Amino acid sequence: MPETLVLEVRRYRPEEEAEPTWQRYQVPFRREWMVLDALNHIKDHLDGSLSFRWSCRMGVCGSCGMMVNGDPVLTCATYLETLLPGPVRVEPLRGFPVIRDLVGALTDFLVKLRRVQPWIVRETESPPAQGEYRQTPDELAAYRSYAQCINCMLCYSACPIYELEPGFLGPAVIALAQRYNLDSRDQGREARMEVLSEHDGIWACTLVGECSTVCPKHVDPAGAIQRYKLEAAAAWAKALLRPGSGP
Amino acid sequence: METHVHDVLVIGGGGAGLRAAIAIAETDPALRVALVSKVYPMRSHTVSAEGGAAAVIKPDDTLEAHAYDTISGGEWLCDQDAVEALVREAPEELLRLEHWGCPWSREPDGQVAVRAFGGMKIRRTWFAADKTGFHLLHTLFQTSLKYRGVARYDEWFVTRLLVDEGRCQGVVALELATGEVHALLARAVVLATGGGGRVFPFTTNANIKTGDGMTLAYRAGVPLKDMEFVQYHPTGLPFTGILITEAARSEGGWLLNKDGYRYLQDYDLGRPEPVPVLRAMELGPRDRLSQAFVKEMEKGRTIETPHGHVVHLDLRHLGARVIEAKLPLVRELCLQYQHLDPVRELIPVRPVVHYMMGGVHTDLTGATPLPGLYAAGETACVSINGANRLGSNSLTEILVFGARAGRAAAAYAARAPAPDGPVRAQALDEERRILSQVLGNRSGGERVATVRAAMQRALEEGAGIYRDESGLRRAAETIQELKARVGRVTLDDRSHTFNTEVVALLELENMLDVAEAIVHSALWRRESRGAHQRTDWPARDDAHFLAHSLAYRSAHGPPRVDPLPVTITRWPPGERVYGR
Amino acid sequence: MNPAYRRHHPKWHRARMPIFWWLRKWSYFRFIARELTSLFVAYAAVLLLVELRAVGAGPEALARFTAWLRSPPVAALHVVVLLALLFHTLTWLHLAPRAMVVRLGSRRVPDVAVLMGHYGGWLAASGLVAWVLLR
């Protein structure tokens with residue numbers, strides 16, 4: 001086991017330079033360290049000017065996504081040991097504008113998220129005091145995986161379509177829309193269909209499938225999108241055959 | 001300097017903050033609400049909560065039972081009228097979350113399921129697998145998107161409250177992405193920024209838990225209540241401090257010492273049974289379990305590892321199916337961070353700082369003594385939790401009191417006058433301070449990380465699970481020195497664009513104030529109660545200390561600590577009994 | 001100092017996507033290859049139409065067409081086309097379980113079963129076509 005490891009980190013300081021640059025750091029190697037621990041060592045002891053986001057360090061808040069050796073990963077869940085002998089390249093998540101160093105802008109995701117109405121839509125509400133909407137364990141299982149999304153954006157980084165067509169709604173947004181569509185308590189399928197069936201919605205997806213490969217929570221957004229394609233196509237066909245009956 | 005005017009500001013975008021914002025939007029849709037958070041709301045630490053949220057829902061349960069468990073769990077330091085409000089409003093709040101889409105785990109017939117939890121006589125903890133906080137937070141965040149009237153300032157760091165004419169009229173905040181300092185004016189402000197576990201070196205808490213809201217109030221003259229009560233959760237993973245939920249024990253996990261012996265039976269927590277017995281053994285309250293660990297360690301019966309002493313959490317007898325269904329995150333965390341599978345192996349665990357019972361002093365409605373300022377969640381101390389919080393009461397608290405504080409702030413804002421002129425001048429002063437003193441020319445050569453580590457060491461040594469006068473005094477002195485040293489921290493990063501080093505510095509200054517309040521409140525309380533254990537005052541002393549501590553910041557020197565009597569309604573102080 | 005910087009108004013950096021982005025990763029390359037095989041599917045469809053026209057135009061035309069098919073360069077090309085069609089078909093079949101979630105009562109039908117069902121259908125259809133053509 002080596003004593004140290006080299007990290008090559010992508011820096012971007014808009015006040016000092018017009019373009020990003022690379023900076024090399026030598027950090028101690030510890031078997032129990034994640035990439036995040038190495039970055040924190042740099043920040044604490046070598047170079048306090050390195051900016052990056054992190055919070056929970058247990059893979060549930062979604063803050064610390066970065067490109068490590070070209071792959072989008074959660075740096076709090078990636079052991080340095082798996083990256084030996086190095087050097088390890090750390091860059092901000094691809095597909096997002098870079099604000100500074102390893103910090104990307106996530107505003108696009110939030111705007112798109114709102115458009116698919118990611119909340120329970122009901123035609124008839126009953127007051128909470130009357131009791132819960134019944135939902136069997138099987139009904140919960142129908143949408144459970146899509147409810148695991150931590151909004152880490154690794155899927156957007158892995159998706160070449162998102163990079164090529166920035167208008168694309170994207171894997172996480174569609175998976176979250178499906179999370180509600182498939183929730184037995186929700187009655188908002190129709191409300192979401194228009195936005196999802198847009199050209200930049202599900203139809204922009206060509207099933208590269210990388211989103212599901214990189215997802216740290218096994219949400220399977222690719223599956224969510226393809227399933228919805230079947231549903232949207234069926235709805236369109238039905239509307240064609242029975243005009244006026246609605247999707 | 002840009003000024004933004006709203007009616008109510010909510011500082012902090014976690015469970016309590018989001019619930020407050022929604023409550024305000026629903027109470028009075030005409031009010032202009034803004035949520036200001038130093039991180040995107042879905043990153044808030046609520047996301048890490050695992051076990052569940054307690055509320056009376058099953059026919060075998062009563063509000064009285066929930067209240068009694070909470071009050072005895074808090075060793076009678078809870079304000080009983082507040083606890084009564086909590087247990088009464090809890091079921092509807094959790095049902096409201098259910099209606100908003102929270103994927104509560106269910107019984108086969110579709111009803112919400114409940115599980116046992118530490119310190120509770122009856123099963124009443126609602127859960128969403130073992131990621132309850134995650135699901136709660138995402139449900140709240142996604143639901144909040146429905147309310148177009150709620151504006152959001154994401155990644156804005158609040159540096160001070162604006163107070164004039166005896167009322168709170170807004171905040172000053174640093175916009176991280178640009179480095180610009182803004183004034184946000186409002187008629188009412190709700191603080192919901194969470195606790196401050198990061199003042200300790202070993203904690204379940206995320207990096208962002210630095211007690212910012214507590215310090216904002218403290219510096220505005222609002223007292224911090226019961227700060228000496230810091231909860232150590234008995235089961236955290238060594239090295240990382242990652243939480244292994246209490247649910248692992250409520251599903252049947254055992255705590256074993258190095259001889260494979262269920263050592264809790266030696267500490268007046270009952271007899272070991274093969275299945276979990278409520279309010280006994282591994283389902284005792286967290287303070288007693290953490291204290292038992294320290295005693296075992298003193299007896300030499302814990303296991304030594306490169307990352308400190310541990311005991312073992314044994315889940316093997318639960319079987320893979322139960323673990324996958326009820327504790328999937330626990331399994332994931334053990335595999336990822338300890339390279340072991342709890343289905344087949346023992347999990348090394350040790351007590352880890354987890355929660356602060358203390359916080360900004362509020363009443364039942366979430367109002368602080370400063371008109372226009374409210375607080376809810378871990379930031380606040382109502383007090384629901386008294387000297388020790390029961391697991392699964394916190395997620396309930398953030399909903400009940402987030403809603404209450406929101407409603408109270410909305411009612412106040414509807415009547416209060418608009419923010420006035422003098423606060424704009426205050427805001428400009430703060431901007432000057434940040435740009436010239438914080439970011440400006442600093443000398444001294446200290447680093448943020450060094451001062452922070454020294455603070456954490458001092459707290460761990462002086463204000464840990466067991467404390468005494470000399471240890472606390474040493475910690476107090478160290479904190480005084482560190483407050484001077486922090487003024488000599490020089491920054492590597494003097495830029496404006498997403499400068500996280502300056503944020504770390506501001507957070508460190510906040511943490512030093514929190515640390516000071518903890519240590520001096522601990523010095524004041526000369527008794528042992530709940531999570532505050534003094535080896536020099538080992539007995540509980542209701543005659544002198546059946547009271548909260550109120551720590552008021554002093555301009556120079558230690559805070560002034562005054563007592564505040566506890567509100568007793570129906571449950572006179574008694575003996576705290578578990579396992580019998 | 002970056003002269004283009006205006007205080008509190010930093011410029012966000014937007015990276016350009018390289019033209020050969022699909023060479024960056026094996027999975028991207030496989031994806032592009034898969035998409036390009038649709039050209040071969042189009043070719044095969046056109047070939048079928050040409051063949052049908054030859055059949056309709058009489059035995060002489062058909063003989064000319066068959067002779068063309070038999071010539072070595074064309075045969076070699078069509079081996080490549082066949083391989084591309086197989087690649088296209090197999091990748092398509094393997095994606096089917098992603099899109100089709102079949103529930104039988106309370107259990108979800110495992111992906112492998114859905115996939116095998118697709119393979120079965122393909123082989124059955126191919127078998128039927130082969131039987132019709134070769135009997």
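Student: Take contacts in chain B between residues at least 6 apart in sequence. What percentage join residues at least 24 apart?

Tutor: For chain B the figure is 76%. Two residues are in contact if their C-beta atoms, placed from the backbone, lie within 7 Å. Some ground rules come next. This is a predicted model, where local features need pLDDT of at least 70 and side-chain atom pairs count only at pLDDT 80 or more, while totals for chains, interfaces and linings use all residues. Residues are numbered from 1 along each chain as its sequence is written, and chains are lettered from A and ligands numbered from 1 in the order in which they are written.

Student: OK. How many helices and strands does chain B have?

Tutor: Chain B has 15 helices and 24 strands. Both are DSSP runs, numbered from the N terminus: helices are H or I with at least four residues, strands are E with at least two.

Student: Let's look at α4(B). How many of its residues are buried?

Tutor: 13 of the 13 residues of α4(B) are buried, so this helix is largely enclosed by the rest of the structure. You'll find α4 of chain B at residues 132-144.

Student: What span should α4 of chain B have?

Tutor: At 1.5 Å a residue, the 13 residues of α4 of chain B should span 18 Å, and the end C-alpha atoms are 18 Å apart, which agrees. The expected span is 1.5 Å times one less than the number of residues in the helix.

Student: New topic. Which residues have the most contacts inside the largest nonpolar core?

Tutor: V8(B) and V190(B), in a core of 271 residues. Such a core is a set of buried Ala, Val, Leu, Ile, Met, Phe, Trp, Tyr and Cys residues joined through C-beta atoms within 7 Å. Helix α14 of chain B, residues 500-524, gives the most to this core, with 16 residues. Domain 1 (4-104) and domain 2 (107-241) of chain A both give residues to this core, so it lies between them. Those domain bounds come from an automatic or database domain assignment.

Student: Which residues does V190(B) touch?

Tutor: Leaving out residues up to four places away in sequence, V190(B) touches several, among them V8(B), V10(B), I11(B) and Y374(B).

Student: Back to chain A. What distance separates the centres of domain 1 of chain A and domain 2 of chain A?

Tutor: Taken over C-alpha atoms, 30 Å. The contact takes 13 residues from domain 1 of chain A and 12 residues from domain 2 of chain A. On the domain 1 side, β3 (65-68) and β4 (71-74) of chain A give two or more residues each. β4(A) gives the most to that side, with 3 residues.

Student: How many residues of chain A are in contact with chain B?

Tutor: 46 residues of chain A are in contact with 46 residues of chain B. By class, the chain A side has 21 nonpolar, 12 polar and 13 charged residues. Here Ala, Val, Leu, Ile, Met, Phe, Trp, Tyr, Cys and Pro count as nonpolar, Asp, Glu, Lys and Arg as charged, and the others, Gly among them, as polar.

Student: Now chain C. In what order do its elements run?

Tutor: From the N terminus, the elements of chain C run α-α-α-β-β-α. That makes 4 helices and 2 strands.

Student: What radius of gyration does chain C have?

Tutor: Chain C has 24 Å, but a compact globule of 135 residues would have one near 14 Å. Its C-alpha trace spans about 80 × 50 × 25 Å along the principal axes. In chain C, 5% of the 135 residues count as buried.

Student: How many residues of chain C are in contact with chain A?

Tutor: 22 residues of chain C are in contact with 28 residues of chain A. α1(C) gives the most to the chain C side, with 4 residues. That side divides into 13 nonpolar, 4 polar and 5 charged residues.

Methods: Rg over C-alpha atoms; globule rule 2.2 N^0.38 Å. Buried ≥ 20, exposed ≤ 12 C-beta atoms within 10 Å, placed from the backbone.
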